[in-house]
Amino acid sequence: MQFFVDTADLEEIREANDMGVLDGVTTNPSLVKEEGNVDFHERVLEICQTVDGDISAEVTATDFDGMMEEAHTLAQIHDNVVVKIPLIKDGIKALRALDEEGIPTNCTLCFSPTQALVAAKAGADYISPFIGRIDDISSDGMGLIEEIAAIYDNYAFETDILAASIRHPTHVKRAALAGADVATMPFETMTKLLEHPLTDRGLERFLADWEDYKDARKAEAGLA
Ligand code: G3P
């Protein structure tokens, strides 16, 4: 499974990248807004220069021509830019056209298996089901990942399933079990994947025992 960090915060992206297990970055207009007064295109370039992997940047036009124009501008920023296209009618048309031009795409705002089926048929490189937002309305986000995985397997679609809107480590675990190709998550969730109280307690014990061992060795050598 590939790990992407879901943020436009350069400092977080650097920290995530330093962990050595980061494969890419996803951004969206809301995440860019959180950054305040930054130039969107400059930020995308900075992210591409920081992380060697696929970097999703989203269009904001909702008509075909507007999406295509924005997609071309974004794709020119860096070879690793993946253009994020919303799952609407003109978006599907844009996915097909961009696929024919060889521009990689991430189809975003997916909330149903039939939406994912259409996006794959249109040639999307990634499909982004928003599992957390589905859970937020008391529905089953993970069920959606499982259904998309089954449909894509049935027809050998090459579109990668990018589990998005991840809220916690259990989402990552279940997305991995369901066969999602990528999990994009906030940096905080990425660090939480590592946490376990028994690891902390175990390490504390090992280090204390190591100190005791060293003291005993010193004492034996008459150095204490
Ligand atoms: O980047 C898309 C997605 O991950 C958004 O997540 O937390 O706003 O539902 P969230």
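Is F157 buried, partly exposed or exposed? F157 has a relative accessible area of 24%, so it counts as partly exposed. Buried would require a value under 20%, and exposed a value over 50%. The notes below concern a predicted model.

1. Aromatic pairs. The structure contains five aromatic pairs. One of them joins F4 and Y126, whose ring centres are 5.9 Å apart and whose planes stand at 70° to each other, an edge-to-face arrangement. F4 belongs to strand β1 (residues 2-6) and Y126 to strand β6 (residues 126-129), so this pair ties together parts of the chain that are 122 residues apart in sequence. F4 and Y126 are both buried.

2. The pair of Y152 and F157. Here the ring centres lie 5.5 Å apart and the planes meet at 70°, so this pair is edge-to-face. An angle over 60 degrees is what places a pair in that class. The two partners can be set side by side: Y152 is buried, at a relative accessible area of 4%, whereas F157 is partly exposed, at 24%. Ring pairs also bring in Y155, and Y152, Y155 and F157 are linked into a cluster.

3. A charge over a ring. What sits over the ring of F64? The charged end of K93 does, at 4.6 Å from the ring centre.

4. Surroundings of N106. N106 is found in strand β5 (residues 105-110). Its relative accessibility is 0%, so N106 counts as buried. The side chain of N106 makes a polar contact of 3.1 Å with the side chain of S56. Apart from neighbours within four places in sequence, N106 is in contact with several residues, among them T26, S56, V82, K84, I127 and L162. Y126, already named for its pairing with F4, is also in contact with N106.

5. The ligand site. Which residues are around the ligand? They are D6, N28, K84, F130, R133, A164, S165 and R167.

6. Polar atoms at the ligand. D6 has a polar side-chain atom 2.5 Å from an oxygen atom of the ligand. For R133, a polar side-chain atom lies 2.7 Å from a ligand oxygen atom. S165 likewise places a polar side-chain atom 2.7 Å from an oxygen atom of the ligand. On its own the ligand has 310 Å² of accessible area, and the protein covers 82% of it.

Definitions and conventions
Residues numbered from 1 in each chain as written. Predicted model: local features only at pLDDT ≥ 70, side-chain atom pairs only at ≥ 80, totals over all residues. Heavy atoms only, no water. Phe/Tyr/Trp six-rings, centres within 6.5 Å; stacked < 30°, edge-to-face > 60°. Helix = DSSP H or I, 4+ residues; strand = E, 2+ residues; numbered from the N terminus. Buried < 20%, exposed > 50% of the residue type's maximum accessible area, 1.4 Å probe, protein only. Lys NZ or Arg CZ within 6 Å of the ring centre and 35° of its normal. Polar contact = N/O pair within 3.5 Å; in protein donor to acceptor, adjacent residues only side chain to side chain. Contact = heavy atoms within 4.5 Å. Near = heavy atom within 4 Å. Areas by Shrake-Rupley, 256 points an atom, 1.4 Å probe, with all protein chains shown as cover.
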